[in-house]
Amino acid sequence: MTGRRRIRSTFLPQHHRPVRATALAAGALVACASLAAGCGVVPGTTGGSGDGPIKVMTWAPSDTKATNKPGMPAFAQAYARWINSKGGINGRKLTVLTCNDHNDGVSAAKCARRAVKENVVAVVGSYSQYADSFFPPLEGAGIPYIGGYGVTNAEFTSPLSYPVNGGQPTLLAGLGKALATACGNVTLVRPDTIAGDELPVLLDSGLTTGGHRASGDVRAADDATEYSAQSAKALDGSTSGTPASGSVSGSKEGCVVPALGDRTSTFMDSFRRAREDYPQVRTAMAMGSVDQTVIDASGGASGPYEGSYITGWYPVESDARWAAMKKVIAKEAFGDNRIDSADAGVQTTWIAYTVFTRAVESLGSGEVSAGSIRAALNDGLKIPTGGLTPTLRWTTRDTWSSADDLASVGFPRMVNAHVTLQVVRQGQLVAARKGFTDVTTTLQNADVN
């Protein structure tokens with residue numbers, strides 16, 4: 001895959017080979033370190049130096065026919081208003097520039113070039129499927145990418161990326177691990193694409209870790225308008241009389257896992273009609289394919305998602321740990337219907353700005369630049385997020401970090417491989433079990449080469 005092909009929101013591009021990914025990351029780091037100008041940027045000239053405002057950018061697609069995340073830049077601006085009402089960061093105001101990437105590689109590159117031109121110190125809490133378009137300008141200017149949505153492989157390989165979640169790999173591996181003890185036969189419905197070819201590997205890594213056999217694989221067009229044939233095939237596989245070989249769950253009801261990104265809701269419309277002619281099955285999916293808004297729009301408790309297992313990166317929206325974020329929304333964005341506290345994009349943006357603020361605070365009265373922020377994060381700064389994630393920590397020093405465990409499978413920048421398991425009960429997403437599940441070992445066992 002060239003990386004230029006359009007990838008739907010919940011699928012990663014084809015993984016680089018682990019050794020190559022690690023070598024690329026290490027090489028870029030050496031190149032950056034060898035330039036006194038910080039990968040082409042003269043120290044002290046990046047936006048935010050001196051006593052002026054600290055300038056950052058947040059981008060996401062909006063007003064498109066595909067995936068839209070308008071809540072991310074809208075919340076970023078609300079965060080700036082909130083932090084500035086408290087005196088800013090270390091007494092300096094925060095300026096947030098926003099950009100619409102239009103779900104288009106050309107626009108994504110324009111956003112990145114604008115970030116360079118505007119001398120921002122970081123791109124924070126953003127979403128784009130076009131890493132091959134936006135990373136080269138950022139890497140050329142040494143601008144860190146903090147808290148992307150985790151939708152591209154490059155976010156877990158670029159030395160200038162600081163992801164706050166584990167992206168789609170952790171969600172699918174965690175889902176497989178949960179379904180291993182909860183389901184009989186498991187059938188995955190996924191795009192018939194090169195990117196889609198990676199999904200069974202990730203789901204099966206969790207299933208086999210739990211002693212379950214691999215999932216059945218149903219391929220589907222990722223732009224279809226209905227999925228009746230695929231629904232019937234998935235139901236046939238998940239309700240067949242053959243128990244899951246080697247599984248402790250042979251007598252349990254089957255599970256169907258749609259992983260069609262933006263088309264998951266289209267699949268569920270077809271699936272709702274088809275399932276009436278089959279024994280009871282359970283559905284399961286990863287966050288990004290469905291959220292509370294989709295559940296509400298499909299009928300809530302009477303809709304097709306009732307009883308579904310869903311893996312997410314963070315605690316459910318009703319968890320008390322989101323109280324601080326909700327206060328910001330209530331104070332600075334009340335009535336802004338673009339911002340939904342249950343949206344994983346908004347939640348990721350909150351955590352990303354938590355990371356950025358902590359990094360700037362660690363600099364004290366020193367220079368705030370792209371280089372100084374990178375240095376603070378790369379030096380092993382520990383950043384707590386109020387329990388919304390494990391303590392986040394990146395490092396390029398000769399000390400261990402959690403990313404070291406995942407570098408061998410092509411994710412050298414992943415420092416958070418924790419997921420939560422949620423379930424739809426009475427039309428609401430609630431926690432299916434307490435706490436997080438760490439899927440580091442599960443991913444290490446996955447054949448993602």
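Reader: Happy to dig in! How many of the 9 residues of helix α12 are buried?

Author: A word on the basis: this is a predicted model, where local features need pLDDT of at least 70 and side-chain atom pairs count only at pLDDT 80 or more, while totals for chains, interfaces and linings use all residues. Residues are numbered from 1 along each chain as its sequence is written, and side-chain values use heavy atoms, with hydrogens and water left out. Helices (H or I, at least four residues) and strands (E, at least two) are DSSP runs numbered from the N terminus, and buried means under 20% relative accessible area, with a 1.4 Å probe and protein chains only. Helix α12 spans residues 370-378 and is mostly covered, its buried residues numbering 7.

Reader: Which elements do the buried residues of α12 pack against?

Author: The buried set consists of Ala370, Ser372, Ile373, Arg374, Ala376, Leu377 and Asn378. Contact here means heavy atoms within 4.5 Å. By that criterion, the partners of these buried α12 residues are β4 (145-146), β5 (161-162) and α11.

Reader: Good, let's turn to α11. Why does Gln347 count as buried?

Author: Gln347 sits in helix α11, which covers residues 344-362. Beyond its neighbours within four places in sequence, Gln347 touches Tyr314, Glu317, Trp322, Met325, Ser341 and Ala342. Gln347 counts as buried because its relative accessibility is 5%.

Reader: Which residue's backbone oxygen does the side chain of Gln347 reach?

Author: A polar contact is a pair of N or O atoms within 3.5 Å; within protein, one must be able to donate a hydrogen and the other to accept it, and residues adjacent in sequence count only if both atoms are side-chain atoms. For the Gln347 side chain, the distance is 3.0 Å, and the backbone oxygen belongs to Ser341.

Technical notes
Buried means under 20% relative accessible area, exposed over 50%, partly exposed in between (1.4 Å probe, protein chains only).
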